[in-house]
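This report takes up a surface patch and then a strand with its pairing partners.

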Amino acid sequence: MKDPYGYRPYRGSRVRRRGIIINTLLAVAILAAAVWVLCLLLPLDEGGLRFPGQRDTAADGTAADAPADDAGPSPDSGKAEPPAEASLEGASGKAQPSEETDKGAQLPLSAMKDPEKVQPLFPARPEAPQNNRMALLSAEDFTGQADQLLQLYQSKAVTGAAVVMKDKRGVLYYPSKEGHVQDEPGILKPVDGIVQAVERLRAAGMPLTAVMYTHEDDLYPRMNENRALQNVEHVGWRDAGGRVFLDPANAEATEYLTAVAKELQELGFQEILLRGLGYPAEGWLQRIAYADDRFGTVTGLVTAVQTAAPSAQVSVWLDSPEIPMNVDTGQSVQALYNTASRVFAELSGAEAGGAASLQAAVNAAAGGSGKLVTVVSGTDGAEALPAVLFDIPLDDLQIEP
């Protein structure tokens, strides 16, 4: 019978069915969540269900995962000895990391490096420092005067050569494969025959050093000024000549520099000499947005290059060795002396007094001058210096060893 008010009869059965479906879905969801939480708290393995910290037991009641008798004493016994490999030192004199090292502990840098790194065929430094006489050349002169350089080496007038492979403008003088510069003819200018010249002199036994300017680079940061040193207004900083610099704190800049160093190592250079390292020394320095730890940032690049080019020695060219902590450049003589293989410092002249004051400055700042290489622009008085880099033409190096 139809309702006189026009309402349909109450359909209670449909509502009940809908409620049952909803309640069922909620119950399934709650059950699935409970199972998921249970799986997190009670991990399953091949031995079945076990509680955290519970050890499997064998049929005889002993722990199934207990070490066997030949596995050595337990560390808790106080009698455990480290494996024989852990106490050995590699050819570089650094302790090799053990496979048993706690993964949660922070490893020292020496342990993080590749323990199987290849040692150079020829040392970058002669064993006798007093016999260390190197010639500084451009990449063009190195290739064009390879015969003359080889004669000087065979006559013992020089014991090695340092070649500028990346200059202060940022130009690369070798066939780099770095992807960012392949379409940059202003940056990539390989010298014809540079690879063959390196191979030839290396085959003759001559130690070769690659000089690469690091943060003093006017070309690469212009490709993307986010890599450039910024001023306090977050705009690319420029010196009085309008040049830009790579930012020592920029990760992309560091990645590029380490890639170049790795390529120079693979090219055959046994030593990489970092020049133009750190922040600018001239210009409106008050406008530079420095890193919080500028000294650690600059020294950190040396460590990054050592990691990227492990079979080469990494040295630095100090801008102001008489200043123990150069706030402008971020160079710390002590930190760089301890980190780098050698430190190069330039004299304004070759006077004996200048050499003595230079060594005294390094001694005072770093506690020793055994790594010091003096850069001179003449030969007068150079025989009294333990290690010299001659910044003069090869024709002027016809001197007695």
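## A nonpolar surface patch

Patches are made of residues with over 30% relative accessible area and no salt bridge, with like charges joined within 9 Å and nonpolar side chains (Val, Leu, Ile, Met, Phe, Trp, Tyr) within 5 Å. A salt bridge is a side-chain nitrogen of Lys or Arg within 4 Å of a carboxyl oxygen of Asp or Glu, and accessible areas come from the Shrake-Rupley method with a 1.4 Å probe, where for residues only the protein chains shown count as cover.

The model is a predicted one, in which local features need pLDDT of at least 70 and side-chain atom pairs count only at pLDDT 80 or more, while totals for chains, interfaces and linings use all residues. Residues are numbered from 1 along each chain as its sequence is written, and side-chain values use heavy atoms, with hydrogens and water left out.

Ile22, Leu26 and Ile30 make a nonpolar surface patch of about 310 Å². Ile30 belongs to helix α1 (residues 12-41), helices being DSSP runs of H or I with at least four residues and strands runs of E with at least two, numbered from the N terminus. With a relative accessibility of 60%, Ile30 counts as exposed (over 50%; buried is under 20%, partly exposed in between, with a 1.4 Å probe and protein chains only).

## The enclosed strand β7

Because five of the five residues of strand β7 (residues 313-317) are buried, β7 is largely enclosed by the rest of the structure. Gln313, Ser315 and Trp317 point one way, whereas Val314 and Val316 point the other way.

## Partners of β7

Strand β6 (residues 271-275) runs parallel to β7 and is joined to it by four bridges, pairing being assigned if DSSP finds at least two bridges between two strands. Leu274 stands opposite Val316 in β7.

Strand β10 (residues 343-346) also pairs with β7 in the parallel sense, over two bridges, and Phe344 in β10 is the bridge partner of Trp317.
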